[in-house]
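Please read it alongside the sequence and coordinates.

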Amino acid sequence: MMQADTGSESAPPNDPRAVRMGTIAWLSHNVIIGSIMGTAGVLLIPLEERLHVSRGLASIGVPMVIVGSAVLASVAGVLAARYSLRRLMAGASVLMSLAWLILAFAHSYWPFLLAYGLLLGPAMAVGGSVLPPTLVTRWFQRHRGLAIGIVHLPIVITIMPLAASLVISRFGVTALFFALAVFSAVTLIPGSLALIEYPPGHDPRQYVNETAAQRSARGTTAVGPIFTVPQLLQNPRFWLLALAVGAANTSSVTLASHLPAMGVAWGYAPTSAAALASVMSLVGMAGSIIFGVVADKIGGARTLALIAFDDAILWAFLLMDLPYPARAVVIGLIGMHGAGAIPGISKAVASAFGEASFSRAFGLASTATLPLMIAAVYGFGVIFQTQHSYAAGIVAMIAYFVISVPLAIVAGRRTPLPAAVVNPA
């Protein structure tokens with residue numbers, strides 16, 4: 001069996017229900033990510049006053065969710081491959097609602113840590129990170145990259161800060177927590193009930209003991225090999241893709257963490273430096289669509305190579321003394337390329353390991369690259385503290401991008417995959 005990471009023009013047409021499944025995937029991603037990330041800044045002062053803790057302790061919730069989600073992504077990937085996505089989406093809804101209800105009654109710090117660390121983190125890993133691209137990959141044969149890009153458009157997160165602020169100003173922070181609990185339940189539970197696991201004939205569980213000859217006689221060979229987690233960890237192609245997408249993800253997380261401080265170091269006022277972060281987020285929204293289309297045209301792995309090539313150039317501009325508007329353009333383009341990594345890696349993983357193994361490989365790649373992101377965020381801080389400049393860190397990121405280009409190109413080459421289907425572990 002051969003699989004190549006190419007465009008989708010020759011793929012069979014999508015099932016008529018694919019758009020509905022894509023809408024459910026969009027709902028899962030947007031409700032979970034928007035609720036958690038969209039309320040983070042608005043909740044900072046109310047939580048500080050309510051829990052009687054410092055600003056730093058009140059702000060630790062979202063970093064806990066991000067790290068916890070990345071750590072648990074590999075587990076979520078295995079769960080998505082072995083169990084019903086419908087049940088997982090409903091479970092994520094229960095975790096979300098329970099977390100917000102705990103916060104509604106919490107007046108001490110430990111329930112806050114419980115809600116963010118043990119409830120919202122797993123909910124984000126399952127329903128916000130792994131489930132949406134898994135569902136899209138199962139249902140979209142054509143325009144898969146574009147569909148994943150649309151699913152990851154952060155619409156709710158742009159509306160949530162204003163809505164949350166209005167609720168707090170009029171009814172208080174407790175009312176906001178109750179509203180978030182209801183919002184999660186009334187959107188994700190109906191979505192889970194409407195979710196259909198696979199298009200007809202694509203469920204690998206139906207044919208796990210079927211031979212290639214039997215599949216051929218039945219008229220479909222859609223079910224490909226199933227890779228276990230140990231097999232993925234031993235697969236060079238997996239590591240090539242993980243390291244390639246790790247470059248774009250590390251770029252986004254590092255820049256988002258340090259951009260306000262970097263702007264001040266470049267001589268801008270704090271408000272102007274913070275505006276650069278807003279530009280990065282706003283322009284980044286277009287990246288998921290643009291690079292989703294690109295992935296459909298040239299393949300996911302080549303898209304990752306293109307992103308790395310462009311990012312190497314864009315980060316090199318950060319070493320130059322540019323005027324503020326030009327630097328804002330560069331920052332915006334970096335954000336756009338960062339957002340494009342999701343449809344790129346999704347398309348590449350589906351092509352490399354098949355639909356049946358997608359969730360395992362996608363989740364495992366998120367977990368595997370987490371140390372790189374942590375090291376970069378911490379390393380940038382250490383570099384500035386010792387050298388009073390971010391230049392060395394920027395050069396290191398450029399070197400990573402340069403290395404990632406051939407890694408992604410090699411990962412996208414046509415390679416043989418084993419034809420035998422194994423029971424997932």
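Does Asp-15 count as buried or exposed? The points below begin with that residue; the model under discussion is a predicted one.

1. Asp-15 counts as buried, because its relative accessibility is 18% and the limit for a buried residue is under 20%. Asp-15 belongs to the loop that runs between strand S1 (2-3) and helix H1 (18-38). Arg-17, for its part, is partly exposed, with a relative accessible area of 29%.

2. Salt bridges. Another joins the side chains of Glu-197 and Arg-138, at 3.3 Å from N to O. This pair links distant parts of the chain, 59 residues apart: Glu-197 is in the loop between helix H9 (173-194) and helix H10 (212-218), and Arg-138 is in helix H6 (residues 109-139). Both Glu-197 and Arg-138 are buried.

3. The bridge of Glu-355. Glu-355 forms a salt bridge with Arg-144, with 3.5 Å between the closest N and O atoms. Glu-355 lies in the loop between helix H16 (341-353) and H17, whereas Arg-144 lies in helix H7 (residues 144-151), so the pair ties together parts that are 211 residues apart in sequence. Glu-355 is buried at a relative accessible area of 16%, and Arg-144 is buried at 8%.

4. Aromatic pairs. The count of aromatic pairs comes to 13. One of these is Phe-358 with Phe-362, a stacked pair with 5.4 Å from centre to centre and 20° between the planes. The two residues are four apart in helix H17 (residues 358-368), so about one helical turn separates Phe-358 from Phe-362. Phe-358 is buried, with a relative accessible area of 0%; Phe-362 is buried too, with a value of 8%. Phe-384 and Tyr-390 also form a stacked pair, at 4.7 Å centre to centre and 20° between the planes. In this pair Phe-384 is partly exposed, at 28% relative accessible area, whereas Tyr-390 is buried, at 7%.

5. Aromatic cluster and a charge over a ring. One aromatic cluster is formed by Trp-100, Tyr-109, Phe-112, Tyr-116 and Phe-177. Elsewhere, the ring of Trp-266 has the charged end of Arg-327 sitting over it, 4.2 Å from the ring centre.

6. A nonpolar patch on the surface. Val-67, Val-71, Leu-72, Val-75 and Ile-374 make up a nonpolar patch on the surface, and together they have about 360 Å² of accessible area. Helix H4 (residues 61-82) gives the most to this patch, with four residues. Ile-374 is found in helix H18 (residues 370-387) and counts as partly exposed, at 45% relative accessibility.

7. Helix H18 again. Which residue of helix H18 has its C-alpha atom 33 Å from that of Gly-287? Gln-387 is found in helix H18, and the C-alpha atoms of Gln-387 and Gly-287 are separated by 33 Å, the two residues being 100 residues apart along the chain. Gln-387 is partly exposed, with a relative accessible area of 47%.

Conventions: Residues are numbered from 1 along each chain as its sequence is written. This is a predicted model: local features need pLDDT of at least 70, side-chain atom pairs count only at pLDDT 80 or more; totals for chains, interfaces and linings use all residues. Side-chain values use heavy atoms; hydrogens and water are left out. Rings of Phe, Tyr and Trp (its six-membered ring) pair if their centres lie within 6.5 Å; planes under 30 degrees apart count as stacked, over 60 as edge-to-face and the rest as tilted. Buried means under 20% relative accessible area, exposed over 50%, partly exposed in between (1.4 Å probe, protein chains only). A charge sits over a ring if NZ of Lys or CZ of Arg is within 6 Å of the ring centre and within 35 degrees of the ring normal. Patches are made of residues with over 30% relative accessible area and no salt bridge: like charges are joined within 9 Å, nonpolar side chains (Val, Leu, Ile, Met, Phe, Trp, Tyr) within 5 Å. Accessible areas come from the Shrake-Rupley method with a 1.4 Å probe; for residues, only the protein chains shown count as cover. A salt bridge is a side-chain nitrogen of Lys or Arg within 4 Å of a carboxyl oxygen of Asp or Glu.
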